[in-house]
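Dear colleague,

I am handing over the structure below, and after it you will find notes on what turned up when I went through it. Please read them alongside the coordinates.

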Amino acid sequence: MRSRINALALALSIAASMLLVACGGAAAPAAEPTKAPDAAAATEAPMATEAPAATAAASTDAVTIRYGLWDGNQQPAYEACAAAFTKANPSITVKVEQAGWGDYWNGVQTGMVSDTAPDVFTNHLAKYPEFASKEQLVDLKPFIDRDGVDTKQYLAGLGDLWGRDGKVYGLPKDWDTIAVVYNQDMLDKAGVTVDELNNADWNAKDGGSFGQIIKKLTLDANGKNALDKAFDKTKVVQYGFIPGGGGGAYGQTQWSHWAVSNGFKFNDGLYATKYYYDDPKLAETIQWYANLNLVDGVAPALADIKSLGANALFTGGKGALTTDGSWMIGSYTKDTKFKVGFARLPKGPEGRKSMFNGLADSIWVGSKHQEQAWQWLKFASSPACENIVGSYGVVFPAIQSGVDAALAAYKAKGLDVSAFTAQATEANGTFLFPVTDHASEIGPIMDALMDSIMLGEKTAAAGLKEGNDQVNALFK
Amino acid sequence: MTTHRQPRLAARREALYAWAFVAPSLIGFLIFFAVPSVRGLLMSFTNWDLLRPAKFVGVANYVRLFGDADFRHALKVTGYYVLMNIPIQTTLALGIAVMMDKFSKSTIIRGILVLPWLLPNIVVALIWLWLLDPTMGFLNQIIMGLGFQRQPFLGSIDQAMPTIAAINIWRHAGYTAILIYAGLQTIPKEVYEAAAIDGANEQQMFFGITIPLLRPVLVFVLVTTIIGSFQIFDTIAITTKGGPVDATRVVYWYIYEYAFVRFKMGYATTISVALFVILITITFIQMRYFNANSSDLD
């Protein structure tokens with residue numbers, strides 16, 4: 001018995017020594033408080049004066065604010081902003097951290113749990129309500145009131161999307177709309193003019209004149225287009241249209257514009273508690289969309305789209321048309337071997353409709369430097385930064401002067417992006433991104449169902465009914 | 001019985017050494033397995049979104065699990081994978097092992113055989129993802145070059161799971177073969193000689209001698225590969241992410257989806273506990289059925 005106790009003691013002492021070694025490794029740098037070689041270490045120092053009424057220069061200690069974003073194209077723009085900001089506020093350095101969409105959100109969420117999330121991060125309308133309800137976002141209202149930030153400076157409606165119950169969780173930084181992307185060479189060869197494309201109409205029954213254009217632009221190995229009776233849909237060499245995939249819950253770049261221009265609405269507005277995915281108007285739209293591949297053979301199969309992405313298929317010259325968001329302009333035009341243009345969305349039964357989405361910056365509640373984080377956020381959503389971002393021509397900033405800077409930058413690159421801006425400014429030309437609770441659960445449900453419709457496993461009517469029941473059950 | 005007679009001091013020292021040797025893995029077991037398992041079990045009785053405090057909900061998650069059609073589907077898909085993976089992989093490995101035993105004891109060949117197993121899963125999955133790409137994959141280029149229709153492989157509901165099974169068979173068959181090959185070396189050559197003298201042919205020797213005498217090794221191989229097969233995750237995470245639709249949404253992916261996409265830790269751990277119970281049961285049955293602890297050589 002005693003030997004067992006001794007053995008246990010030995011085991012414990014080994015374990016303890018291992019723990020000590022582990023602790024020693026981590027504790028060592030912290031034990032030298034006088035050194036503080038870099039700014040990051042200095043951030044550990046307690047803030048002496050955090051006077052709530054003070055504006056900038058609340059503290060003279062050097063502070064590093066970590067800023068997260070997912071769009072790699074925007075990183076240089078925001079790094080330029082950060083440099084300008086540090087110039088005006090020498091005690092605050094901003095470190096821009098970028099990760100792709102999927103990793104980004106995983107990182108933010110797990111970072112909140114493990115206390116390593118960025119101080120300020122780019123937020124999305126599908127994501128922020130859950131962060132807000134889990135009390136992870138700083139309410140910006142007191143800061144906005146204190147510093148008198150003009151929330152009317154943002155383009156129509158953008159600011160309102162980020163509030164709930166009198167609290168504000170983000171200040172807008174940019175917006176986006178959807179337009180048709182076309183391959184000029186393929187249009188020319190088929191004898192389709194840009195004018196025709198801009199004036200096309202669409203309906204869910206037969207696709208309208210836009211449907212005809214898609215067929216005209218689809219070619220088989222014998223050079224026959226899809227309007228020809230001899231067209232062989234098993235040997236397509238050029239697709240008329242490249243869908244962006246199933247589109248999941250919102251179909252932002254995939255089907256939302258078709259559906260809403262057909263009279264569909266997602267729900268009853270901000271923080272609605274019921275979705276209308278079972279609307280027959282949506283079902284007929286989605287069936288038309290899926291049938292482009294399943295029946296007509298004028299669009300690639302979902303497997304092809306998933307493997308490379310619609311953008312790669314398009315820039316690889318596999319198809320003539322697609323729809324995509326304004327943030328993708330650069331991805332379509334940079335290094336593409338043919339001329340790419342952007343046309344207006346076709347006119348549906350209810351007119352032209354594009355989803356109007358906007359991003360905003362939010363402050364994480366766990367940030368140890370909320371005052372400095374606010375200073376940076378305020379700057380990032382001010383004309384000073386948004387004009388810089390605009391001048392990079394990668395995205396449309398949320399303030400008009402920034403939009404003007406972006407348009408000038410696109411023009412300098414020889415790009416006409418008016419299809420996106422015209423859509424945004426047209427009366428009733430846009431509808432807002434659906435913002436509700438339970439987005440992280442709605443996503444997986446609708447992703448799978450939309451894919452099964454695209455693959456022809458389920459009809460749109462049956463699949464959407466099923467999805468609607470599952471989604472609405474989340475709100476009960 | 002003899003230990004009584006030994007001097008107490010020696011016995012104590014022996015025990016001390018034993019504990020010292022066991023300590024590292026014991027500590028590892030406690031920290032990385034026992035404590036998390038208990039925490040996971042406790043977590044399964046709560047609803048927890050990681051950020052707000054966990055809420056105790058009793059057995060609600062288990063009640064939900066029994067009515068969850070998606071969970072049943074995940075079990076079905078996982079079972080389908082195991083049933084494709086294990087028989088083919090084991091047969092293939094047995095064949096390779098016997099061939100090696102007969103024709104070549106070359107270390108180079110053995111080295112090549114374990115090579116796929118030495119590669120990280122992620123690398124294997126990525127390589128195959130590109131080779132099998134529906135539009136520009138190498139394999140489809142060959143298929144089209146031979147005049148056939150290109151195949152979607154991982155992109156189709158019907159082909160995705162067999163494709164993933166094939167990738168993992170490719171990765172594991174060589175390694176499994178090496179294990180069986182090692183087992184073959186333990187079978188005394190005299191047994192075969194005796195059989196040959198009695199006029200047994202190759203086939204009779206294989207089924208009458210090799211298979212029965214390999215039983216302990218085969219049981220070990222089957223137990224570990226079946227458990228590993230049930231835990232299929234990384235290949236799916238890289239290639240299909242549970243899709244298309246839910247064709248490859250295996251139990252582990254389902255757990256991952258609840259834990260890190262939907263952030264429902266309580267329900268995710270409930271599924272984990274269910275999987276644990278299933279695996280324990282299967283292993284128990286295997287051990288009992290195959291009589292793993294005894295060898296026919298005795």
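This is a predicted model: local features need pLDDT of at least 70, side-chain atom pairs count only at pLDDT 80 or more; totals for chains, interfaces and linings use all residues.

Residues are numbered from 1 along each chain as its sequence is written, chains are lettered from A and ligands numbered from 1 in the order in which they are written, and side-chain values use heavy atoms, with hydrogens and water left out.

Chain A has 20 helices and 14 strands, these being DSSP runs numbered from the N terminus (helices H or I, at least four residues; strands E, at least two). Of its 476 residues, 52% count as buried, where buried means under 20% relative accessible area, exposed over 50% and partly exposed in between (1.4 Å probe, protein chains only). Among contacts in chain A (heavy atoms within 4.5 Å) between residues at least 6 apart in sequence, 71% join residues at least 24 apart.

Turning to the sheet, 5 strands of chain A form an open, mixed sheet in the order β8-β9-β10-β7-β11, two strands being paired if DSSP finds at least two bridges between them. At the edges stand β8 (219–220) and β11 (340–343) of chain A, each with a single partner strand, so one side of each is left without a neighbour in the sheet. β8(A) is joined by 2 bridges to β9 (residues 236–241) of chain A, and the two run antiparallel; here A:Leu219 stands opposite A:Gln238 in β9(A). Helix α9(A) lies across β7 (178–183), β8, β9 and β10 (319–325) of chain A, running at about 160° to β9(A), and helix α18 (residues 418–425) of chain A lies across β7, β10 and β11 of that chain, at about 160° to β7(A).

As for the aromatic residues, rings of Phe, Tyr and Trp (its six-membered ring) pair if their centres lie within 6.5 Å, and planes under 30 degrees apart count as stacked, over 60 as edge-to-face and the rest as tilted. By this rule the count comes to 45 aromatic pairs over all chains. One of them is the edge-to-face pair of A:Phe85 and A:Trp376, with 5.4 Å centre to centre and 65° between the planes. A:Phe85 lies in helix α3 (residues 75–88) of chain A and A:Trp376 in helix α15 (residues 370–380) of chain A, so this pair ties together parts that are 291 residues apart in sequence. Both A:Phe85 and A:Trp376 are buried. A:Trp202 and A:Trp258 form a tilted pair, 5.2 Å centre to centre and with 40° between the planes. This pair links distant parts of the chain, since A:Trp202 lies in the loop between α8 (194–198) and α9 (208–217) of chain A and A:Trp258 in helix α10 (residues 256–261) of chain A, 56 residues apart. A:Trp202 is buried, with a relative accessible area of 2%, and A:Trp258 is buried, with a relative accessible area of 2%.

Finally, two loop residues deserve a look. Phi of A:Asp335, a residue other than glycine, is positive, near 60°; A:Asp335 lies in the loop between α14 (329–333) and β11 of chain A and counts as exposed at 68% relative accessibility. Phi of A:Asn428, also a residue other than glycine, is positive, near 55°; A:Asn428 lies in the loop between α18 and β14 (430–432) of chain A and is exposed, with a relative accessible area of 62%.

Conventions: Axes are lines fitted to C-alpha atoms, for helices over the stretch in contact, and angles run from 0 to 180 degrees between N-to-C directions.
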